[in-house]
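This report covers selected local features of one protein chain.

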Amino acid sequence: MSSPLPLPSRFPSRSEPDRRSSSERSGPAGRSSPAARSLIALGLAAAMALSGCGADPQTAAGPGASTPARGGTLRLAYDNDPKCIDGQQNGTNNALNISRQMTDSLTDQDPKTGAIKPWLATSWTVGEDARTYTFKLRHGVKFHDGTPFTAQSVKQNFSGIAALGAKAQLASTYLAGLKSISTPDAHTVRIAFKEPNAQFLQATSTMSLGFYAPATWKLTPEQRCTGGLVGTGPFELDGYTPGSGARLTRFADYAWPSSLPRHRGPAYLAALDFQNVAEASVRTGSLSSGDIDVDQSVQPQNEELLQASNFQLAARPNPGVVYSFYVNTASPIFADARVRRALGQGIDRPELRALLSREQSEATSALAASTPGYRNRAGTLSYDPAGAKRLLDQAGWHLRAGSDIRVKDGRPLRVELPYWQNAPFLELIAQQLRGIGIELELKRVTSTQQTALKQAGELDLLFANLTRADPDILRSVYAVDAQNQTGKHRDGIDELFDRSTATVDPAERYALLGRAGDELVKGGFAVPLVELSTVMALAPQVRGFHYEASSRFQLYDTWLAGRAGEGE
C-alpha cells in the first residue's frame with residue numbers, strides 16, 4: 001500500500017480557521033463590549049503579574065521543568081455540555097474529547113502526515129477489493145475492569161455499533177455495509193463488508209470506533225450516555241453529571257499506547273476534571289485566576305488578550321468538510337443548478353474575514369486544508385455577483401420595481417436557514433446574498449431541532465460542517481442515500497465516490513475524491529464558506545498538550561509543571 005500524502009500541521013496556527021461550539025458571543029458581530037474587554041484585560045493582567053510573561057506552555061520553564069512530572073489534576077472547561085459522553089454514540093467534539101481519554105482504537109493516525117500507525121492492532125492486511133480487513137491484535141491489553149481485550153472484544157463492539165444504527169452518529173457510517181466479523185483466534189479478527197470500503201482503515205483510528213468492555217455492553221444506550229463506560233484507555237471514568245461535567249482518573253496499569261505518543265506506561269496526570277462553563281467571560285476569568293487550566297472554546301475577541309499574557313493559544317485546523325451550505329436539490333428552489341451556482345457566486349468569502357477569528361480563514365475547497373488529499377480550489381469559489389444575477393435571470397427569477405428580492409411565478413426568492421452554531425458571519429452572508437436578490441432568513445434553533453428538520457426533508461438549505469481526517473467525509477456527506485437530504489446529483493459524482501471506495505491506494509483514492517469535490521462545487525451541490533480550527537487557551541503550567549489527526553486532543557502525554565506529585 002502506498003503511503004498517505006502529507007498534509008499540513010501547525011501548532012499553533014496563525015493563519016487557519018477556528019472551530020468553536022455554540023455558546024453565544026457578547027456584543028455586536030461577536031465582539032465583546034468595551035466594559036467586558038476591560039474586565040477581561042484586568043483579569044489577564046493580574047494573572048500575568050502573578051505568573052510572569054512570555055513562558056511557552058509547551059516548553060520547560062525553570063529548574064527541572066523539562067522533565068515531565070507525574071500527578072495533578074488537569075481542569076478543562078467546555079462551553080456546551082455533550083449530554084452523552086459515549087463516543088460510539090455521540091459525534092460532538094466535547095463528547096469525543098472525553099471518550100478519547102478512556103478508549104483506544106485499532107490504529108492511530110499521524111496528525112502531521114496522515115499515515116495510519118499500529119495501536120491495539122500490531123498489523124493488518126487489506127483485501128485487493130477493499131472488502132476485507134484482517135487485524136493482528138496486541139497481547140496483554142485489558143479493560144479498566146481487568147477483562148482482557150481480544151478479537152471477541154472487537155467483534156462485540158463493531159457488531160454492537162452496527163446494531164445501534166443511527167444512534168451511533170459517526171461510528172455507524174464507518175461500518176456501513178458490514179457483512180461479517182470472524183475471530184480465527186484470540187488475537188486475529190477479520191472484518192468483511194458487502195461492498196468495497198477503502199475508508200475503513202482510517203476509520204479504525206477514530207475514537208468513534210474505540211472499545212468498551214462487556215460490562216458496558218450490558219447497559220442500554222441511554223445508560224451508557226451518562227456512565228458505565230469501561231475502556232482500555234489511559235484514563236477511566238470516575239463519574240459524569242449532565243450539565244455539570246465529568247471526572248476521569250489515571251488507569252494505573254496502562255501500557256499500550258501507539259507509536260505516536262512520547263512516553264510509555266501510565267499517563268502523567270492523576271486525573272482530568274471536565275467542567276461545563278457556558279459563558280466565555282467566565283471561562284476566561286477562571287483561566288486568569290487559575291481555577292481552570294484549559295479553555296476548550298476561546299472566543300475571537302479574547303485571543304489577542306490571552307496571547308499577550310502568559311497563555312498560549314493552541315490551534316489546529318479541523319480536517320474534513322468546511323462550514324458549508326448544503327442545498328436540498330429536491331426543493332423547488334434548488335432543483336435548478338443555476339440557482340445553486342448563483343448562491344455560491346453571490347458570496348464574497350474574503351470579506352468574511354472581518355468577522356472571523358485570527359485562526360479562521362475563508363474556505364478554499366469543499367475540504368479543509370488539513371485534510372489528507374486537500375487541493376486548493378479558491379479560484380472556483382470567486383465572488384461574481386454579476387454572473388450570479390445573470391444565472392438567476394436565466395432561471396426565471398427577476399426583480400420587480402421597488403423590490404430587491406427576486407420573484408418567480410409570484411413566489412419570492414426567500415430561503416430559510418435554521419442554524420444552531422455560533423457563526424456571526426452568516427449575517428454578512430445574508431447581506432451579500434440580498435445584493436443579488438436572494439433573501440436568506442436566519443433562524444436560531446437547537447441542534448436537535450435542526451437534525452429533526454433535516455431528517456424530515458423540510459430544509460431547503462443546511463449550514464453545517466463535519467470533521468474527519470480523511471477525504472471520504474465528502475462521500476459520507478454528499479453521496480445519495482436515505483439519510484441525506486441533498487437530493488440526487490449523479491452527473492458522474494456518485495461514480496467517483498463508488499470508485500474511491502474500491503481504491504486502496506491512498507494517492508489514487510484522494511485524487512478521485514478531489515475530483516468529486518470539484519464537481520460538487522461546480523454543480524452548486526456544495527457551497528463552502530469558512531474553515532474551522534480548534535482554538536484552546538492553556539495555562540502556563542500545561543505541558544505536552546497536543547491534538548490528534550481529527551483536531552481533538554489526546555491527554556496521555558500531557559503534564560503539569562509546578563504540581564508534581566499532587567494527587568499521587
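## Surroundings of Glu 303

Leaving aside neighbours within four places in sequence, Glu 303 is in contact with Val 298, Leu 313, Ser 357, Arg 358, Glu 359 and Val 535. The model is predicted. Glu 303 belongs to helix H9, which spans residues 300-308.

The relative accessibility of Glu 303 is 0%, and because buried means under 20%, Glu 303 counts as buried.

## Helix H15: buried and exposed sides

Helix H15 runs over residues 493-501, and its buried residues are Ile 493, Asp 494, Leu 496, Phe 497, Ser 500 and Thr 501. Viewed down the axis of H15, these buried residues fall within an arc of 155°, so they line one face of the helix. The face turned away from the buried side carries Glu 495 and Asp 498, both exposed.

Which helices are included in what covers the buried residues of H15? Helix H14 (473-478) and helix H16 (506-522) are among the covering elements.

## Packing of H15 against H16

Two packed helices are described by the angle between their axes and the distance between the axes. For H15 and H16, the axes come within 9 Å and cross at roughly 160°. Angles over 145 degrees count as roughly antiparallel, and H15 and H16 are therefore roughly antiparallel to each other. Their crossing is left-handed.

On the H15 side, the contact is made by Ile 493, Leu 496, Phe 497, Arg 499 and Ser 500. On the H16 side, the contact is made by Arg 509, Leu 512, Leu 513, Arg 515, Ala 516, Glu 519 and Leu 520. Sorted by class, the contact of H15 with H16 has seven nonpolar, one polar and four charged residues. Ile 493, Leu 496, Phe 497 and Ser 500 of H15 take part in this contact and are also listed as buried.

## Positive phi in two loops

Lys 83 is a residue other than glycine with a positive phi, near 70°. Lys 83 sits in the loop between strand S1 (73-78) and helix H2 (93-102). Is Lys 83 buried or exposed? Its relative accessibility is 57%, so Lys 83 counts as exposed.

Ala 130, again a residue other than glycine, has a positive phi near 60°. Ala 130 is placed in the loop between strand S4 (121-126) and strand S5 (132-137). With a relative accessibility of 0%, Ala 130 counts as buried, whereas Lys 83 counts as exposed.

Key:
Residues are numbered from 1 along each chain as its sequence is written. This is a predicted model: local features need pLDDT of at least 70, side-chain atom pairs count only at pLDDT 80 or more; totals for chains, interfaces and linings use all residues. Side-chain values use heavy atoms; hydrogens and water are left out. Buried means under 20% relative accessible area, exposed over 50%, partly exposed in between (1.4 Å probe, protein chains only). Helices (H or I, at least four residues) and strands (E, at least two) are DSSP runs, numbered from the N terminus. The arc is that of the directions from the helix axis to the C-beta atoms. Contact means heavy atoms within 4.5 Å. Axes are lines fitted to C-alpha atoms, for helices over the stretch in contact, and angles run from 0 to 180 degrees between N-to-C directions. Angles under 35 degrees count as roughly parallel, over 145 as roughly antiparallel, 65 to 115 as roughly perpendicular and the rest as oblique. A crossing is left-handed if the near helix is turned anticlockwise from the far one by less than a right angle, and right-handed if clockwise. Ala, Val, Leu, Ile, Met, Phe, Trp, Tyr, Cys and Pro count as nonpolar, Asp, Glu, Lys and Arg as charged, and the others, Gly among them, as polar.
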